[in-house]
Amino acid sequence: MSTVAKTPHEIHVAPAFDVQKVRKDFPVLDQKVHGKPLVYLDNAATTQKPLAVMEAIENYYRHDNSNIHRGVHALSERATEAYEAVRVAAQKFLNAADSKEIIFVRGTTEGINLVAQTYGRKNVGPGDEVLITALEHHSNIVPWQLLCEEKGAKLRVAPINDRGELRLEEFEKLLGPKTKIVAVGHLSNALGTINPVREIVRMAHARNIPVLVDGAQAAPRMPVDVQSLDCDFYAISGHKMYGPTGIGVLYGKTRLLEAMPPYQGGGDMIASVTFDKTIYNRLPYKFEAGTPNIADTIGLGAAIEYLNGLGMEQIEAHEADLLTYATSKVGAIPGVQLIGTAHEKAGVLSFVMEDIHPHDIGTILDREGIAVRTGHHCAQPVMQRFNIPATARASFGLYNTRGEVDALAAGIRKVREVMG
Amino acid sequence: MSELRELYQEVILEHSKKPRNYRALDGANHRAEGYNPLCGDHFTVYLDVKDGKISDIGFQGSGCAISKASASMMTQTLKGKTAAEAEEVFTRFHDLVTGHGSGSEQDLGKLAVFAGVSEFPLRVKCATLAWHALRAALRGEEQAVSTE
């Protein structure tokens with residue numbers, strides 16, 4: 001074996017990105033909708049799943065299904081091993097320092113709620129402030145509102161400019177002695193804006209304020225390195241990165257996680273229980289009460305492996321090409337206005353068409369086989385900022401092609417034709 | 001394409017661009033809001049009910065072509081009707097757009113242009129939003145109604 005040359009995979013050079021080959025990994029893409037080939041451009045809502053993910057889940061149930069961290073029997077051992085291997089895979093995917101910093105949760109929403117309800121409840125008091133940005137998804141607004149309401153604290157919101165970029169100098173002005181935590185999205189699901197997270201963290205840390213990053217949209221679109229970002233918490237969702245629904249990851253720095261009270265009580269999160277006192281388990285189990293979503297965790301592991309195989313840099317470059325192409329193609333259609341034109345942007349093309357409501361755009365595109373999202377994208381404050389009720393949003397995934405962007409542009413022209 | 005044409009008929013497009021009775025009524029004695037938060041459609045329906053009849057009706061708000069045209073044509077149809085008659089039109093219109101009609105929807109007059117909605121189940125909520133707001137207004141319900 002030692003004489004065999006290393007394959008490109010082993011020396012971590014991803015093969016050239018071949019989108020047509022990649023598409024074959026996603027059975028759902030091979031179908032017609034209303035008689036037209038499906039063009040799936042709703043990836044910011046959820047991504048399709050490669051065969052490898054489906055097979056991993058099926059194989060687990062077929063061969064290894066068992067509860068983890070409990071039994072001494074073979075199946076339990078296999079299930080535990082597979083589950084914990086995903087923790088290590090997620091650690092590497094996010095470049096966390098230690099696998100105990102990886103907490104499995106239902107998704108980004110639960111990850112943010114966990115931090116708000118543990119770190120937040122312990123550290124935010126009356127008169128204190130939580131700072132977010134005007135770009136946030138409702139899942140990075142409402143958990144903080146709930147916390148502020150309970151504690152008599154105040155939610156502050158850093159503004160964005162007309163391109164949909166965070167106004168960093170205004171953000172910095174809002175950081176003060178009362179600010180107890182900052183929560184920002186890495187990549188806006190409504191506009192595609194990439195926030196300058198490293199800069200945000202630097203500003204917050206200069207005042208000893210921890211930063212939570214909502215990474216739901218960034219994780220499937222670019223390499224993420226939590227140590228380089230130096231953020232304190234980073235939350236992601238499996239289903240937005242080609243994995244199953246119902247599973248996600250919360251990364252947290254050990255020092256913070258250890259000081260935080262548990263989120264939920266139950267089995268697995270304890271070291272010992274008597275009616276007088278319960279001693280909590282060590283990290284990460286302190287935050288994983290009850291039997292977890294084992295099968296989907298294993299599915300997430302397969303998704304991470306799939307993404308690693310393609311290479312996040314390659315995926316990032318492919319989607320950057322699609323977005324640039326789509327921006328010029330769609331932006332050139334008379335009557336179309338792009339919403340969100342940040343210099344640093346990825347994955348998302350939000351637009352409106354003069355007098356045509358996004359809902360009508362969505363229906364007509366659907367008849368062309370094109371799946372886009374229309375509405376406020378769970379980011380109503382963003383819509384209010386641009387004084388629009390909704391947008392139509394095309395969001396790209398690793399399997400989309402320039403040909404599909406052409407189909408989108410043709411579909412939008414059809415919208416104009418139908419609506420007169 | 002033909003289904004799309006059925007949905008977006010000229011009359012509907014015309015009403016969506018130039019909605020009738022598009023105004024708040026100063027003398028309204030009934031009003032209600034229809035709001036579909038997921039898609040953002042948001043209308044207020046104003047009624048002036050005198051001697052049991054809708055003597056005047058108006059609406060304002062924003063929404064897609066289907067919801068706006070439906071609201072516009074609703075106001076045209078219901079002016080001068082009693083509350084009971086309005087309820088009856090509501091039921092027939094609802095049957096028409098959901099495709100659950102038993103034939104009663106046939107005398108809807110101009111409103112029959114909304115028959116195409118039944119091929120687009122996701123758009124029924126748009127076509128019926130203003131109608132549900134109307135019903136809430138007649139019944140004096142204060143909470144905004146939703147069809148989502």
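Biologist: How many residues of chain B are in contact with residues of chain A?

Modeller: The model is a predicted one. In it, 15 residues of chain B are in contact with 15 residues of chain A. On the side of chain B that touches chain A, helices α1 (2–7) and α2 (10–17) of chain B each supply at least two residues. By class, the residues on that side of chain B divide into nine nonpolar, three polar and three charged.

Biologist: Which residues make the contact between α3(B) and α5(B)?

Modeller: From α3(B) come B:I66, B:S67, B:S70, B:A71 and B:M74, while α5(B) contributes B:C126, B:A127, B:L129, B:A130, B:W131 and B:L134. This contact has nine nonpolar residues, two polar residues and no charged ones. The spacing along each helix may be read with a general rule in mind. An α-helix has 3.6 residues a turn, so residues three or four places apart point the same way.

Biologist: Let us turn to the sheet in chain A. In what order do its seven strands lie?

Modeller: The order is β4-β10-β9-β8-β7-β5-β6 in chain A, forming an open sheet with mixed pairing. At the edges stand β4 (102–105) and β6 (154–158) of chain A, each of which pairs on one side only. From one strand to the next, the twist averages 20°.

Biologist: How many bridges join β5 to β7 of chain A, and do these strands run parallel or antiparallel?

Modeller: Strands β5 (residues 129–133) and β7 (residues 179–185) of chain A run parallel and are joined by three bridges. In this pairing of β5(A) and β7(A), A:E129 stands opposite A:T179 of β7(A).

Biologist: Which strands does helix α3 of chain A lie across?

Modeller: Helix α3 (residues 74–94) of chain A lies across β4, β9 and β10 of chain A, and runs at about 115° to β4(A).

Biologist: Is A:D268 buried or partly exposed?

Modeller: A:D268 is partly exposed, with 17 other C-beta atoms within 10 Å. The residue A:D268 lies in the loop between α9 (254–259) and β11 (270–273) of chain A. A:D268 has a positive phi of about 75° and is not a glycine.

Biologist: Which residues does the cis peptide bond of chain A join?

Modeller: The cis bond joins A:L283 and A:P284, with omega about 0°. A:P284 is placed in the loop between β12 (278–280) and α10 (294–310) of chain A.

Biologist: Why is helix α12 of chain A described as largely enclosed?

Modeller: Eight of the 10 residues of α12 (residues 358–367) of chain A are buried, so the rest of the structure largely encloses this helix. The buried residues are A:P358, A:H359, A:D360, A:I361, A:G362, A:T363, A:I364 and A:L365. Just after α12(A), A:G369 takes a positive phi of about 85°.

Methods: Residues numbered from 1 in each chain as written. Chains lettered and ligands numbered in written order. Predicted model: local features only at pLDDT ≥ 70, side-chain atom pairs only at ≥ 80, totals over all residues. Contact = placed C-beta atoms within 7 Å. Helix = DSSP H or I, 4+ residues; strand = E, 2+ residues; numbered from the N terminus. Nonpolar A, V, L, I, M, F, W, Y, C, P; charged D, E, K, R; others polar. Buried ≥ 20, exposed ≤ 12 C-beta atoms within 10 Å, placed from the backbone. Pairing = 2+ DSSP bridges. Axes fitted to C-alpha atoms, helices over the stretch in contact; angles between N-to-C directions.
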